[in-house]
Amino acid sequence: MVSVPAPRCLDLIVVLSLLPTLLNANRITTDTLDLKSSGLGVKEHSQIVAQHNRLRSRVKPMAANMQKMEWNEKLALLAKERAASCHTDPSPQHFSSLSHIGWNTHFSPYGVTSFSNITDIWFKEEKDLIYLSGQCRENATCQHYTQLVWATSSHVGCASHLCLREGDLWEMFVCAYYPGGNWEVNGRLVIPYKTGLYCSLCTSFMSGCFKLWDHVGGLCEIPRNPCRMSCGQHGHLNISSCKCKCDPGFTGRFCQVRCSMQCVHGHFKEEECSCLCDIGYGGAECAEKVQFPFHSCDVMIDGDCFTVSPQADTYYGAKRHCQGQGGILAQIHNQKVQDILAFYLSLLDTSNEVTNADFETRNFWIGLTYKPLKDSFRWDTGEVSTFSSFAFGQPDNHGFGNCVELQASSAFNWNDQRCKTRNRYICQHGKAFCRRGLMNMKVDEGEVVFCDQQM
C-alpha cells in the first residue's frame, strides 16, 4: 500500500547524467547523493515496535485478538531491499516467493518526516475504514491502517532509502509485516481484527496478555513469566507475590547470594546474609580487629568501591559530584555487579524517601548514556556497553531518555530516563579506606563488602 504515486526508477547512467545539474541547481552535496538505505539502530527498532504496539492497542472498536508485534531482522532486510529499488509496488517476479509478507510504503521529500510521523499518518486512516463492512470510504485509502492493525501480523521490519525522483531528492519509507494482511475474499477485504474485550480471543499459543502503561488494551503474546524475574537455581518464584523463596543457605532478592556464616563479634542479619559487626571489628564473621580509619565505601566489589549518594541530582550534576571526589558514576560490566548493587539498593528501598515527587525519584544514576551519533549506549569512559540489564520493554524513551538509571520499580534493572531527572546516584572509586564498621560477604569469586550505616 502506498501514500503517493510511484516514482521513476533511475539507473546508474541517468543518475550520473543528472549529477552536475543536481549539484548546481539543487545544491545537493556528493555526500547526499550517496543514496544508501538507512541503517536503523537498536533504539530505532525499539521505537518502531513500541509505537506499533501502542497504536495496535488503541484501535476502535477494541480488538479481542490483537497480537503483540516484535522486530524481525529478516523483514528489515527485505524492507531495505525494496526501499533501495525506489518502487512503491513490488515486482511480481522479484517478490513472488513472499506471498505472505504485508507492506506499507511512503514517499516523502527528503528530511521532512520520520518513521514515527509516517506511522501516525497510517494509523489516522482509521477514520476511513468502515469496520463492519471491511471497506474503505469512497475515494479514500485505508489499507495502510488495516495492515498496521492486522491482528495476526506479529513481526515487523522497516528501512528507508534516498531516491531521485524527477530531479529531486525523496525518501522512501518501507515496513514489511509477517504474516501479511489485507486479504480479500470475493472482492471484499477481510476485517483486520475481531472486536471484544482485549485478549479475550487470543489463541492457545499466544495466551499471554501484554499491556504497558501507555496501552489502552492488551495484546496477545506468547505467555511468559508475569513477574519478569527468575529466582535462579536456589529459589522458587511465588507468582502471586513476585517474590523468591530461597533454599536454605541462600538469600537475596533473586536467591543469588550463598549464605553460611557465624558472627564472632556482632550479630547475624539473615535477610542480608551478613554480619552486623560490633564497632572495631570486621571481616566475613566479624572476627578481625579493624583499626581506624574505617572504610568509606558503602559496597566494595572485587576491589572497586561503590558509594551511594544521600542526595538527588541531575545526571550531569551527579557525574560532576563523583568526579569531584576522584571517582566516576558507577559502571556495571557483568551480572555479578548488577545483582550485588540491586541487592544492596533493595535494602535501602524502604528508607529511600522522596521528599519532592515533582523533581525526585527512587531511582539511581549509573554512568551510561545513549550516544545518538554512535547509535549505542556507552559508559562515561567511552566504552561500548557489552553487558545489558535493561528492564522489560526498555529502552523506550524515543530519543529523549538518553541517561540510564537503576529503576526501583523494576528490581533495579536499567531504564533510559531524561537526563534532567533528579535521582540519587552511585559513584565508583578505586580501593579506599573505611570510615565505618564492615559487614563482609563472600560471593563465589571475589569479595563483597557492605559497610555498616550505623556507628
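This is a predicted model: local features need pLDDT of at least 70, side-chain atom pairs count only at pLDDT 80 or more; totals for chains, interfaces and linings use all residues.

A disulfide is taken here as a pair of cysteine sulfur atoms within 2.5 Å. Residues are numbered from 1 along each chain as its sequence is written, and side-chain values use heavy atoms, with hydrogens and water left out.

The protein has seven helices and 31 strands; these are DSSP runs numbered from the N terminus, helices being H or I with at least four residues and strands E with at least two. Of its 455 residues, 48% are buried. Buried stands for under 20% relative accessible area, exposed for over 50%, and partly exposed for what lies in between, using a 1.4 Å probe and protein chains only. Contact means heavy atoms within 4.5 Å. Among contacts with a separation of 6 or more, 64% are between residues 24 or more positions apart.

A nonpolar core is a set of buried Ala, Val, Leu, Ile, Met, Phe, Trp, Tyr and Cys residues joined through side-chain atoms within 4.5 Å. The largest one has 29 residues, and those touching the most other members are Val-59, Met-66, Trp-71, Val-149, Val-156, Cys-158 and Tyr-193. Two or more residues each come from helix 2 (42-56), helix 4 (115-123), helix 5 (143-148), strand 6 (155-165) and strand 7 (168-178). Helix 4 gives the largest share, four residues. Another core, of 27 residues, lies apart from it and includes Leu-341, Tyr-344, Leu-345 and Val-404.

Which residues of helix 4 are buried? They are Phe-115, Ile-118, Thr-119, Trp-122 and Phe-123. Seen down the axis of helix 4, these residues fall within an arc of 140 degrees, so they line one face of the helix; the arc is that of the directions from the helix axis to the C-beta atoms. They pack against helix 2, strand 3, helix 5, strand 6 and strand 7.

Strand 7 is mostly covered, with nine of its eleven residues buried. Two strands pair if DSSP finds at least two bridges between them. Strand 7 runs antiparallel to strand 3 (residues 102-109), with eight bridges, and pairs with strand 6 in the antiparallel sense over eleven bridges. Two residues separate strand 6 and strand 7 in their hairpin, where Glu-166 has a positive phi near 55 degrees.

Now to the disulfides. Cys-199 is joined to Cys-209, S to S 2.1 Å, and this link is right-handed, with 80 degrees about the S-S bond. Cys-199 is in the loop between strand 9 (188-189) and strand 10 (208-210), and Cys-209 is in strand 10. Cys-199 is buried at 19% relative accessible area, whereas Cys-209 is partly exposed at 38%.

Cys-202 is joined to Cys-220, S to S 1.9 Å; with -80 degrees about the S-S bond, this link is left-handed.

Cys-403 lies in strand 26 (residues 403-407) and Cys-419 in the loop between strand 27 (413-417) and strand 28 (422-429), so the pair ties together parts that are 16 residues apart in sequence.
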